[in-house]
Every structure is written in structure tokens, then in C-alpha cells.
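Student: I should like to learn how to read the features of a structural model. May we work through one example together?

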Amino acid sequence: MNAISNWIDRFCYKHPRFYIQHLMLIIIVGQIIVFLLDMFSSGGSGCSNLISFAPYYILHGQVWRIVTFVFVPINSSPILLIISLYFYFFIGRILEREWGVVKFTVFILLGAVLNIIIGFVLYVLFPSVSPAVTASMHYVFLSMFFAFATLFPNMQVLLFFIIPIKIKWLAWIDAAMFAYTIIASLVQRDFVGAIVPLIAILNYFIFFWPTIRDSFRRMKYRTSRQTIHFKHAANQARQNQQQRGYLHKCAVCGKTDTDYPDMEFRYCSKCNGYYCYCPEHINNHIHID
């Protein structure tokens with residue numbers, strides 16, 4: 001996957017004119033127009049039904065559905081649709097400025113293509129399962145949101161225009177809901193429902209695999225380093241016991257395990273060194289830099 005990510009970077013560098021100008025604006029405006037047309041159509045979704053992704057109709061001549069499904073509204077509620085589209089337009093413009101218009105275009109197109117592929121695969125393997133729900137902009141927008149949260153985790157937004165919250169917490173909530181959907185599908189033995197979401201946002205993992213890999217490596221390094229530190233602290237404590245007659249001594253009040261044999265002493269991982277504290281001061285002391 002790292003090789004694919006590198007290839008995409010080289011492709012964007014070598015093809016500076018491969019982009020769609022104002023791509024997010026086109027998608028957002030298109031979804032609003034289709035939503036308005038649905039409101040005045042019979043059944044409330046007449047226009048969406050004509051342009052949504054449907055492999056059967058595509059294979060029988062309605063090839064426009066391969067492209068037009070991106071304009072099917074991601075929400076049926078007017079208020080939620082407006083809030084969602086405004087939010088995705090906001091983060092889309094920031095990603096476009098951060099990456100450049102070429103890389104952003106590739107990201108969106110790759111997400112759409114992956115949804116199309118999984119839709120046709122489902123149609124061939126499971127004809128009874130409607131793949132229309134897989135080829136939509138929902139998962140493309142979700143992968144875009146995860147990309148934004150990865151690049152700007154500490155950016156603060158107003159949830160419902162009222163509650164200030166950092167992007168990373170919204171992303172973790174979405175990730176938890178995403179994982180719940182997959183786990184619930186596996187429990188119900190709906191393997192199609194478990195695989196589809198992962199494939200549909202595969203573009204996120206392709207673009208950010210180096211970042212995800214490096215994050216896991218740093219976590220592993222910090223964990224191993226902390227383990228080594230505490231092993232060293234234990235060895236130092238044993239030396240103290242041999243030299244001073246006690247094993248643990250609180251760095252604040254001076255209590256030792258010799259004077260208080262039933263007291264539980266702990267070491268602070270935030271202090272720069274190997275400092276031991278009694279229960280009273282383990283959470284009530286100034287960290288030593």
C-alpha cells in the first residue's frame with residue numbers, strides 16, 4: 001500500500017493539469033439541485049432514482065449512472081443535508097489548499113471509483129443484494145473527513161454551530177460508529193455489510209498508510225521505552241533498598257515502605273526521571289522536568 005501511495009504522489013507531480021476545478025462546489029451544488037428536484041417529483045425521490053448507481057440499468061444502457069450517482073443527496077432531511085454539505089464543502093476546500101487541486105481530485109475520484117467497483121462486484125456475486133447503497137458519496141465524504149482529521153486533528157469547529165469541539169474527537173466518534181457498523185454486520189453474519197465500508201473508504205488508507213504506519217511505530221516505541229524506564233526504576237529501587245534499607249520512598253513527603261509496609265507506592269511516568277510517590281501524592285505533585 002505504501003508503493004501505491006508513492007505512485008499517487010508521483011502521478012500528481014507529473015500530471016499538474018489532471019484536476020477538476022471547483023470539484024467540491026460542483027458536487028455540492030449538484031446534490032442541492034437533485035434534492036430540490038426530488039421535492040417536486042412524485043414519491044419524493046424521482047430524480048435520485050433516475051441518476052443513482054444501479055448496475056442492472058447501467059449494463060442495459062443507462063451509463064450516465066456511473067457518474068451521476070455522485071449528485072444523489074447524502075441525506076433526506078433538508079436541515080441535515082444543508083449542515084452536512086456545508087461541513088464537507090468547508091473541509092474539502094481546506095484539503096484542496098493543503099494538497100493542491102490535483103491530489104484532491106485524485107482522492108475524490110479514487111473514492112468514487114472504489115465505490116463503483118464494489119458496487120459491480122456485489123451485483124455479480126450477490127445479485128439479491130442491492131449495490132445502490134454502496135456506490136454513493138457517503139463513504140467518499142467519510143474518507144475525506146478522516147483525511148481532514150488526520151491532517152488537522154486539533155482544529156476546533158462548532159458542532160451544530162454551538163458546541164466547540166476538536167476535529168479529532170468527531171473523527172473518533174465517527175470511527176467508533178464505523179467500527180460498530182462492521183462488527184454488527186459480522187455478528188449478523190452479513191459479511192457483505194462488513195466488507196463494503198472498508199473497501200469504500202480504502203482511498204483514505206491508501207493516501208495515509210505511511211502516516212498510519214508511522215503512528216503505530218511511534219506508539220510501539222513509546223510503550224517499549226516506558227517499559228524500559230520502569231524496569232530501570234525497579235532496578236534502581238532495589239539498589240536503594242540495599243543501600244538505604246528501603247525499597248520505595250515518596251519524593252514529596254519522604255514516606256518509605258519500611259515505615260509504612262502496607263502502603264502502595266507508585267512511579268510517575270510524566271516526571272523526567274524515576275520518582276516514586278505515595279498514594280497521597282501520586283496524583284498531587286508537580287512533575288519534575
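Student: How do the residues of the lining of the largest pocket divide into nonpolar, polar and charged?

Tutor: This is a predicted model, in which local features need pLDDT of at least 70, side-chain atom pairs count only at pLDDT 80 or more, and totals for chains, interfaces and linings use all residues. Residues are numbered from 1 along each chain as its sequence is written, and side-chain values use heavy atoms, with hydrogens and water left out. In general, a pocket is an open set of points on a 1 Å grid over the protein atoms alone, where a 1.4 Å probe fits, with protein on both sides within 12 Å along at least five of seven lines; lining residues have an atom within 4 Å of a point. Ala, Val, Leu, Ile, Met, Phe, Trp, Tyr, Cys and Pro count as nonpolar, Asp, Glu, Lys and Arg as charged, and the others, Gly among them, as polar. Here the lining comprises 20 nonpolar residues, four polar and one charged.

Student: Which residues lie nearest the centre of the largest pocket, and which element gives the most to its lining?

Tutor: Ser84, Phe87, Tyr88, Leu159 and Asp174 lie nearest the centre, among 25 lining residues. Helix H6 (78–99) gives the most to the lining, with seven residues.

Student: Why does the end-to-end distance of H6 agree with its length?

Tutor: The expected span of a helix is 1.5 Å times one less than its number of residues. The 22 residues of H6 should therefore span 32 Å, and its end C-alpha atoms are 31 Å apart, which agrees. Gly100, with a positive phi near 100°, follows H6.

Student: Which residues of H6 are buried?

Tutor: Buried means under 20% relative accessible area, exposed over 50%, and partly exposed in between (1.4 Å probe, protein chains only). In H6 the buried residues include Tyr88, Glu96 and Trp99.

Student: Which residues touch the most other members of the largest nonpolar core?

Tutor: A nonpolar core is a set of buried Ala, Val, Leu, Ile, Met, Phe, Trp, Tyr and Cys residues joined through side-chain atoms within 4.5 Å. Of its 51 residues, Trp99, Ile108, Phe141, Met144, Phe145 and Phe207 touch the most other members. The largest share of this core, eleven residues, comes from H8.

Student: Is Lys255 buried, partly exposed or exposed?

Tutor: Lys255 counts as partly exposed because its relative accessibility is 22%.

Key: Helix = DSSP H or I, 4+ residues; strand = E, 2+ residues; numbered from the N terminus.
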